[in-house]
Amino acid sequence: RDTATRAVQSLDYSAREIVSPTKVLKAFARECTGLRTTGLFSSEDGLALDFVSGMSARGYDGDVLAAFFRDIVAGCVQTVNALGPDAFVELQIVLSEEVVLLRRVEGTPYIHIAVINQGVRLGIALVMMRRFGDRLSDCF
């Protein structure tokens, strides 16, 4: 009986797919047209968890992005808190050549960042970030 119980537990464990954030980010990078880089960083300390370059030629250092955009997220959170009982969910920053999308990964201290080319359809990229956000949450 003890062996049978362990066998069932083993099957139950192996049936659940364990997905890493890296796998999810790589899938996002494959599907997101015009992506330069994507990754996760901690909103608490600005440390980069994982970054993946896209198909576009110009990528960025994940540690540098995490450090700079952590400060932007912190400012955004302060502003949201000052306005009322709401929470930071998503931020879009449009630059001359690219768009930076920042989205909180629900239930974690992590922020999903995507830097995409300016000419990409922003609506599609946002929908993809929302869809992949659920998958990223499941990693933690």
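Two strands pair if DSSP finds at least two bridges between them. The exercises below apply to a predicted model.

**Exercise 1.** Determine in which sense β3 and β4 pair, and how many residues lie between them in the hairpin.

Solution. Strand β3 covers residues 90–94, and it pairs with β4 in the antiparallel sense over 5 bridges. The cut-off is at least two bridges, so the two strands count as paired. One of the bridges joins Val94 to Val99 of β4. β3 and β4 form a hairpin, with 3 residues between them.

**Exercise 2.** Classify Leu47 as buried or exposed, and list its contacts beyond four places in sequence.

Solution. Leu47 belongs to the loop between β1 (35–42) and β2 (48–53). Because its relative accessibility is 54%, Leu47 counts as exposed. Beyond its neighbours within four places in sequence, Leu47 contacts Leu40, Phe41, Ser42 and Ala66. The C-alpha atoms of Leu47 and Ala67 are 6.7 Å apart, with the two residues 20 apart along the chain.

**Exercise 3.** State the mean pLDDT of the protein and the stretch where pLDDT is below 50.

Solution. The mean pLDDT is 84, and 84% of the residues reach 70 or more. Over residues 3–15 the pLDDT is below 50, and this stretch has 1 contact beyond near neighbours in sequence. Where pLDDT is low, predicted coordinates should not be read in detail.

Definitions and conventions:
Residues are numbered from 1 along each chain as its sequence is written. This is a predicted model: local features need pLDDT of at least 70, side-chain atom pairs count only at pLDDT 80 or more; totals for chains, interfaces and linings use all residues. Side-chain values use heavy atoms; hydrogens and water are left out. pLDDT is the predictor's confidence in each residue, from 0 to 100. Contact means heavy atoms within 4.5 Å. Helices (H or I, at least four residues) and strands (E, at least two) are DSSP runs, numbered from the N terminus. Buried means under 20% relative accessible area, exposed over 50%, partly exposed in between (1.4 Å probe, protein chains only).
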